[in-house]
Amino acid sequence: MVRFYMEKGTHRGLYKSIQKTLKFFQTFALLEIVHCLIGIVPTSVLVTGVQVSSRIFMVWLVTHSIKPIQNEESVVLFLVSWTVTEITRYSFYTFSLLNHLPYFIKWARYNFFIILYPVGVAGELLTIYAALPYVKKTGMFSIRLPNKYNVSFDYYYFLLITMASYIPLFPQLYFHMLRQRRKVLHGEAVVEKDE
Ligand SMILES: CCCCCCCCCCCCC[C@@H](O)CC(=O)SCCNC(=O)CCNC(=O)[C@H](O)C(C)(C)COP(=O)(O)OP(=O)(O)OC[C@H]1O[C@@H](n2cnc3c(N)ncnc32)[C@H](O)[C@@H]1OP(=O)(O)O
């Protein structure tokens, strides 16, 4: 992403140039849910499930499917937040497994999110918001009555509900990370409600 920006001097076209890698890795992140379910990692299934599914949703059902929004600045916001987060997180896991965890990586894992989480969420919400007029105009992914199954679905309202669902869900993830931060960096005992 940095190289793209240095070469082109604009964010336009950035999504197109990284989309294959993005889709590949974010889709494979589904394995993280499987790892929690089968107990390979001691992480909350609920927290991981919400985290991974919201990104899969952003990648496939929003950014991939709605081409006119792919050059929005808000896409860069969430791409940068996700990328910095995952580089830090997987470095943390790798060095932890090697039993040589540099303090900076540990510090970064449990501090960067304080800024990156709200920035990433803002990018995601602004991107969905930018998609709304297009979705309304085209009626994409919507099922209108009458039809032989007698079922109706409006993707526009689904997007509005998804945006609203960030209000109760995002604080849960954020406070989970704040509790993890206290536990890992300050050694405080933490009680998780969902475990
Ligand atoms: C269908 C439509 C759905 C729409 C839903 C809409 C609602 C969405 C609301 C909110 C969405 C948020 C969106 C999100 O995309 C925004 C962003 O991400 S912005 C960027 C900033 N993000 C972050 O900073 C994310 C921070 N969060 C997390 O990292 C996570 O909460 C999570 C990884 C899920 C959990 O972290 P936690 O600290 O609880 O556990 P860990 O898994 O890190 O660690 C537990 C122990 O397990 C070891 N572990 C885990 N995985 C591995 C691995 N792969 N390899 C090796 N070891 C691993 C880890 O070391 C820990 O071990 P120990 O306890 O011994 O230290």
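The legends below describe an overall view and close-up views of a predicted model.

**View 1. Overall fold of the protein.** The secondary structure comprises 8 helices and 0 strands (DSSP runs numbered from the N terminus, with helices being H or I of at least four residues and strands E of at least two). Along the principal axes, the C-alpha atoms fill a box of roughly 60 × 45 × 25 Å. Of the 195 residues, 38% count as buried (under 20% relative accessible area; exposed is over 50% and partly exposed lies in between, with a 1.4 Å probe and protein chains only).

**View 2. Helix 5, residues 73–97.** This helix has 25 residues and reaches 37 Å from its first C-alpha to its last, close to the expected 36 Å (1.5 Å times one less than its number of residues). N99, which follows helix 5, has a positive phi near 60 degrees.

**View 3. Packing of helix 5.** Its buried residues include V75, F78, L79, W82 and F92. The buried residues of helix 5 pack against helix 2 (14–28), helix 3 (30–37), helix 4 (45–64), helix 6 (103–109) and helix 7 (112–138) (contact means heavy atoms within 4.5 Å).

View 4. Q172 lies in helix 8 (residues 155–186) and is exposed, with a relative accessible area of 54%. Q172 and V47 are 125 residues apart in sequence, and their C-alpha atoms are 8.2 Å apart in space.

**Notes.** Residues are numbered from 1 along each chain as its sequence is written, and side-chain values use heavy atoms, with hydrogens and water left out. In this predicted model, local features need pLDDT of at least 70 and side-chain atom pairs count only at pLDDT 80 or more, while totals for chains, interfaces and linings use all residues.
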